[in-house]
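Biologist: Could you take me through one part of this model in some detail? I'd like the place where the chains meet, plus a quick stop at a ligand site.

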Amino acid sequence: MSDNELIWRIAGGSGDGIDSTSQTFAKVLMRSGLDVFTHRHYPSRIRGGHTYVEIRAAGHEVQSRGDGYNFLLALGDSFARNPQEDAYYGNEEIKPLSENLDELREGGIIVYDTGLISEEDVEDLNLEERAEENDWHLFPMDLRSLAREHGREVMRNTAGVGVTAALLGMDLDPFVEAMEDSKMTGDVLQANLDIFQEANDIVHEEFEFTHDLRIPEGEHEEEQALLSGSNAIAYGSIDAGCRFIAGYPMTPWTDVFTIMSQHLPEMGGISEQVEDEIAAAALAVGASHAGAKAMSGSSGGGFALMSEPLGLAEMTETPIVLVESMRAGPSTGMPTKPEQADLEFVLYTSQGDSSRVVFAPGNVEEAYEQTRLAFHIAYEYQIPTIIIYDQKLSGENTNVPVSFFDREPEPDLGSTLTEEELKEAAHDASGKFERFQHEPDTDVDNGVSPRSLPGQSGGRYLATGNEHTPTGHISEDPDNRVFQLERRLQKLDSIRAELDEEHESNQTFFGDESADYGIITWGSSQGAVKEAVERLNDAGSPVKGLGVSDMMPFPEDEITAFIESVDEVMVVEMNATAQFRGHIQKELGRYGEKLTSLLKYNGNPFEPAEIVESCELRIEDSDEEPTAQVHIEPAAGD
Amino acid sequence: MSAFNAIGEEREIDREEFTADNEPQPTWCPGCGDFGVLKALKQALPEVGRTPDEVLTVTGIGCSGKLNSYLETYGFHTIHGRSLPVARAAKLANDGLEVIAAGGDGDGYGIGGNHFMHTARENHDMTYIVFNNEVFGLTKGQTSPTSPKGHKSKTTPHGNAKSPIRPLSLGLTSGATYIARTAAVNPNQAKEIIAEAIEHDGFAHIDFLTQCPTWNKDARQYVPYVDVQESEDYDFDITDREQAQDMMFEAENALHEGTVLTGRFFVDERPSYQDQKKDLGEMPREPLAERYFDEDAKWERSYDLLDRHT
Ligand SMILES: Cc1ncc(C[n+]2csc(CCOP(=O)(O)OP(=O)(O)O)c2C)c(N)n1
Ligand code: SF4
Ligand SMILES: [Mg+2]
């Protein structure tokens, strides 16, 4: 745990505007030279319900939530439904304060809005007493009245940020600049500026600074941009030349869908909100078939509806990119909570032997990188490619150097022929193009049979979800079947070879290379694992880590080498049935006795300390249970 | 320069171009009404000047879905009920294509009913032919959404308790802008209606009565048929929604009483979805698919969107 860091939590009700406020604050922190990482915790409702955004900022790299936090801005929930303790949801008015106390670190700061949080409620919490015990520093202030005085009640967010800036000793100019840059104008802007300034003044006039916490120092070598995983997926798609998206809203996938819908029309692209997810995936197939770079996506339930069109894309070898944004399941589950429990589903859903590519990016930069790669692979190999991520990566914002995005777009249609090329290509006696050749007459033997597009002269063929001959005619001939099926599967080996030989690895290695203890994780849990590994090494327990993104085709060599290099591996993932561990064993056909699991499925992502604790217990061979709400599932025979 | 030179090509078109030189021959049962659709299409397409390489026929699953196996065009034989979303996306990606979707009554009015409703509502510029044989043909004759009340099959051994769907009325309320019914036994009318539907700018829905002698034995060959435009017994304005609705209602009832009323039921000049989307700036004027072949095309980059993030 670094001392030189701020973890600021703004808590209120859904609809209290804490998202935009925290976005502005995160930008100010980033501009002042700090690395930032945000985490959003919110309920599945539009108004009310306890929600918070956490911003971690430090002078060093931050890739994950921290352990707990050190600054609470409790706004009170202006949409609270129940002010009674015995109500089903408890007393909602006090929740922004009461629900957040357990994780507040020693020496932490609490600012709360006395305009919404009543004296009596605070007394019931024994706040003073607890503050004393934990060396918390309390700053009660009537933010609501201050906001009302100059503008409207929602502006108490701004007042809260003003208090924050004062208490942390921050320079005010960057805040003023950020507010002026935002969408606010005229009276609204002026009111916010006034509230911000006055809040600042009040702190200096009325409070004694008993706390030690101050804004950390940091400096960036180059300009940074603050983006979420959803931004990165959308931007990777745009830069890959994707100009067609079809979808149906579902949290958390909606973020990607709306970002694309905002930009595509201005870029000569097309966005379609359609009747359901079956249609959405079918539209992606149809658009790609006709020559567009196309995508669709959803979250668990919507993705389930996409199963059959996904299989159609496999069978007709239609390139598409789908994104699946996981949330806690089964069924409607917990719509706004992250989980990594759709892995097996995404790998195998749809009938028949599956032939698809699945990437699970570990952070914002990887989300961009692997989405671009997904389009490249999909269009080159005529195969559906899926980006699987989760509610956590979808909404987390982190800073990325602006120069990272300064590169050429890649709108290439891959293995698609031009009319010129079609003239040379194989046709049958009646003039039909041999779209699905048994042994494609191409320079490389990678299983890909180049395609034509409808409307091209001389490229006529039939695409069908039935097994088919080279020109696409339905056929149940055994020899043809074996040729076609094996060729479709051969593409996966070719893709694995290309990924190994021509691209930088999508797997991330970290920690002490000579360590005998290893941690493997996948997707968005990578950041927390990476930080845990660093801490373990700092504390004298040598550990190495591997964050895996290639789910399919499986990076057999890299993972085998990693497992072979250590005595024991802990597989860390956010689900209850150890899906990725099972996947490793299936793909490698062994290692059952070597793989322990650390699982978390309470709706909240891992914090580094939870991983550190569990890992230490394993290394010490202890029988003790971890104190956190996680579960250690021992290796087979353990 | 276009990358799709089959589109808009002006030349003499021989009817035979739409028939493959070699296999496969249609596998439909002798006397099946599906032959009638195939024949009418082969006649209509050259008549409206479309060449095999500029037509994309998208079908569902069923006996009817085999249509594009026997028709020389670009084809996409999709999955059960999903021909419409595939077809309309292809049209959005390249609206130079002549897109024709087709499938059975189960495919289009049952499992794909939601897509039918919405594709009609949005008024996509395409033709949709529903092979209505009032049964599930391919899966051996089960009751379908258009089977008459009381219809007995292996899944409704005591007779069907459900009233049949009203396909024409459904098309109308959903928003289709050309609605007609024809029958396999009426090849001339079928050809003309298909030609009109192709020329129509918007969603053209044809409920095509295709007898299934194998599973619908007691049923009908859809004769004698009456063309509502030609018969003196019927007089209504096909551009008038209310009159069209009444006529459809009557035709749907009459079918189960043994009178086969066919012809055009509704025509509306509402702009197509593609045109509306273009006018709103939500779809490029030049086909999207062309852009990928245009070496001078300028591709926007996310790098230029970063202002909002810095
Ligand atoms: C999702 C799905 N459910 C069921 C089937 C099985 N199936 C194939 S065709 C068909 C019904 C065919 O009836 P219809 O659409 O009227 O076409 P017809 O054969 O009569 O032309 C069914 C149920 C399938 N292929 N896919
Ligand atoms: S089963 Fe009926 S619909 Fe199918 S081919 Fe035979 S006659 Fe035609
Ligand atoms: Mg049928």
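Modeller: Let me start with the ligand stop, and with the term it needs: a residue counts as near a molecule if one of its heavy atoms lies within 4 Å of it. Keep in mind that this is a predicted model. By that rule, the residues around ligand 2 are B:Trp28, B:Cys29, B:Cys32, B:Cys63, B:Asn133, B:Cys212, B:Pro213, B:Thr214 and B:Trp215. Sorted by type, that shell has seven nonpolar residues, two polar ones and no charged ones.

Now for the interface. On the chain A side, 79 residues are in contact with 61 residues of chain B. The size of an interface is often given as the accessible area lost when the parts come together. For chain A and chain B the buried area comes to about 5,700 Å², with carbon and sulfur atoms giving 58% of it.

On the polar side of things, 35 residue pairs are in polar contact between chain A and chain B, counting pairs with both residues at pLDDT 80 or more. As for where chain A's side comes from, the elements giving two or more residues to it include helix H1 (18-31), helix H10 (254-263), strand E9 (270-273) and helix H11 (277-289) of chain A. H11(A) gives the most, with eight residues. By type, the chain A side divides into 36 nonpolar, 26 polar and 17 charged residues.

What about the charges? Side chains of opposite charge can pair when their charged atoms come close. Across the interface of chain A and chain B there are seven salt bridges. In one salt bridge, A:Asp406 pairs with B:Arg301, and the closest N and O atoms are 3.0 Å apart.

E15(A) runs parallel to strand E2 (residues 74-77) of chain B, and the two pair over three bridges. Look at A:Leu462 to find the spot: its bridge partner in E2(B) is B:Gly75.

Stepping back to the whole structure, the salt bridges over all chains number 54. One within chain A joins A:Arg40 and A:Asp19, whose closest N and O atoms are 3.7 Å apart. A:Arg40 sits in strand E2 (residues 35-41) of chain A and A:Asp19 in helix H1 of chain A, so this pair ties together parts that are 21 residues apart in sequence.

Methods
Residues numbered from 1 in each chain as written. Chains lettered and ligands numbered in written order. Predicted model: local features only at pLDDT ≥ 70, side-chain atom pairs only at ≥ 80, totals over all residues. Heavy atoms only, no water. Contact = heavy atoms within 4.5 Å. Buried area = accessible area lost by both parts, 1.4 Å probe. Salt bridge = Lys/Arg side-chain N within 4 Å of Asp/Glu carboxyl O. Polar contact = N/O pair within 3.5 Å; in protein donor to acceptor, adjacent residues only side chain to side chain. Helix = DSSP H or I, 4+ residues; strand = E, 2+ residues; numbered from the N terminus. Nonpolar A, V, L, I, M, F, W, Y, C, P; charged D, E, K, R; others polar. Pairing = 2+ DSSP bridges.
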